[in-house]
Amino acid sequence: MDLNVTPKDLTGWVPFRVFRDGTDLLVDWCYVGPARFTQPFFEDTIRIQMRNPFGLLFRHLTSFQMLGDLYKDSPGLLPTGFVFHLSRCGSTLVSQMLASLDENIVISEAPPIDRVIREASSDRNLSHQGRLSYLKWIIGALGQRRTGAETQYFIKFDCWNTLDIDLICEAFPNVPWIFLYRNPVEIMVSQMRERGVHTIPGAVGSIVPDLDLAQALQMPAEEYCAMVLARICESVLRFSPGDKGMFVNYSELPGAVTGVIAKHFGIEFSKEAFEKMTSTTKFHAKTPQMEFKDDSRMKQDSANEAVRNAAEHWLMPFYSQMEAVRNASAAKA
Amino acid sequence: MPTNDFDQFRQCVLATLALQEELREIEDHDEFIQKVVELGGDHGFSFNVEDVKNAVNASRRSWIERWI
């Protein structure tokens with residue numbers, strides 16, 4: 001571990017991994033300099049940095065407390081908006097549109113944020129204030145200005161982080177957030193084609209309470225996936241958002257990004273920025289070499305009976321509730 | 001604590017911005033390794049190309065295995 005590092009030594013460095021070594025919580029840092037996080041996911045940008053021999057060979061390893069020291073010295077930009085989502089419903093399209101502008105820092109599904117959220121919500125030795133501090137520290141460390149052009153900061157969380165939305169929003173009570181969702185059948189079809197890590201039993205801790213790993217492994221994949229997604233829906237619907245939260249349906253994308261989402265986040269885009277963001281929507285967000293197409297009809301047509309039944313039983317009641325909240329908000333606006 | 005000359009030089013680089021700036025922009029791995037050996041020698045550390053290659057391989061392995 002680097003014992004002599006000070007926050008000033010970490011200018012241009014990014015915490016890319018938080019992990020435990022015995023009882024110690026440690027942070028691995030990699031040098032990214034002024035490089036922007038423009039890839040679909042945080043990890044993709046770090047992977048590119050690791051191709052540079054300096055990035056690979058020279059990494060700071062510090063205590064977790066170093067994030068707290070950095071926060072005191074340089075708290076980073078206050079987040080402009082949070083993106084929570086149900087997976088496979090356009091969240092990467094949203095983050096990629098925002099990342100197309102130089103003034104935006106966009107951190108998308110960063111493993112160190114996920115790890116810290118999970119540490120903060122599960123470490124019984126940590127005080128409540130300590131939990132909130134942990135979140136502020138890691139989010140502050142990733143929100144450092146590195147090019148000088150950044151004025152706005154967005155975080156797209158992993159979908160299962162929605163289970164801790166109350167803790168996240170308590171740490172950042174003034175940050176507006178959106179929750180992206182989509183017709184459950186379409187999400188389920190996508191998940192059954194290529195399973196997200198959260199829909200694999202045991203891969204992301206225990207998401208479904210009262211269901212042990214053995215039971216989860218014996219269930220049909222459609223059933224377990226639907227139960228996980230239902231837990232996420234339940235968490236966001238149970239959380240009382242006040243005027244900070246907004247539900248956004250996939251069907252409203254991509255126009256919502258420069259429309260209702262921008263308004264909700266309190267941002268305005270110039271004509272030039274609008275055009276830049278719109279050009280991003282021509283391509284598939286996760287595989288930018290492919291053209292983006294709304295595939296709702298195709299997904300609906302290819303849903304089998306098991307997918308339809310699981311979606312209907314576990315998810316449609318939540319979907320209806322989210323639609324009702326969204327429509328009520330739209331009517332009020 | 002650093003156990004050999006290369007590890008000590010690595011700590012020296014991490015603590016010295018000027019050394020970092022000399023190395024950061026080099027994209028070619030062979031050129032980078034030569035430069036690391038050269039700078040190490042300039043600063044009184046004794047290690048060779050093989051030592052640096054081994055350190056790079058160890059770093060690559062720990063990067064690949066980071067989630068295991």
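Is Glu119(A) buried or exposed, going by its relative accessibility? At 7%, Glu119(A) counts as buried (buried is under 20% relative accessible area, exposed over 50%, partly exposed in between, with a 1.4 Å probe and protein chains only). Keep in mind that this is a predicted model, where local features need pLDDT of at least 70 and side-chain atom pairs count only at pLDDT 80 or more, while totals for chains, interfaces and linings use all residues. Residues are numbered from 1 along each chain as its sequence is written, chains are lettered from A and ligands numbered from 1 in written order, and side-chain values use heavy atoms, leaving out hydrogens and water.

**Salt bridges**

- The count over all chains is 20 salt bridges, each being a side-chain nitrogen of Lys or Arg within 4 Å of a carboxyl oxygen of Asp or Glu.
- Back to Glu119(A): its salt-bridge partner is Arg20(A), with the closest N and O atoms 2.9 Å apart.
- That pair links distant parts of the chain, since Glu119(A) sits in helix α5 (residues 111–122) of chain A and Arg20(A) in strand β1 (residues 13–21) of chain A, 99 residues apart. Helices (H or I, at least four residues) and strands (E, at least two) are DSSP runs, numbered from the N terminus.
- Arg20(A) is partly exposed at 33% relative accessible area.
- A salt-bridge network ties together Arg20(A), Arg115(A), Glu119(A) and Asp123(A).
- Glu275(A) and Lys271(A) also form a salt bridge, 3.3 Å between the closest N and O atoms, and both lie in helix α12 (residues 271–280) of chain A, four residues apart, or about one turn.
- Over in chain B, Asp7(B) bridges to Arg10(B) at 3.6 Å between the closest N and O atoms; Asp7(B) is partly exposed at 21%, while Arg10(B) is buried at 19%.

**The sheet**

- Five strands of chain A make an open, parallel sheet in the order β5-β6-β4-β7-β8 (two strands pair if DSSP finds at least two bridges between them).
- Its edges are β5 (104–108) and β8 (245–249) of chain A, each pairing on one side only.
- On average, neighbouring strands are turned by 20 degrees against each other, direction ignored. Axes here are lines fitted to C-alpha atoms, for helices over the stretch in contact, with angles from 0 to 180 degrees between N-to-C directions.
- Helix α11 (residues 255–265) of chain A packs on the sheet, touching β4, β6, β7 (177–181) and β8 of chain A, at about 170 degrees to the direction of β8(A); contact means heavy atoms within 4.5 Å.

**Aromatic rings**

- There are 24 aromatic pairs over all chains. Rings of Phe, Tyr and Trp (its six-membered ring) pair if their centres lie within 6.5 Å, and planes under 30 degrees apart count as stacked, over 60 as edge-to-face and the rest as tilted.
- Phe37(A) and Phe42(A) are stacked, 5.1 Å centre to centre with 5 degrees between the planes.
- Trp177(A) and Phe247(A) go edge-to-face, at 6.5 Å and 75 degrees, and both are buried.
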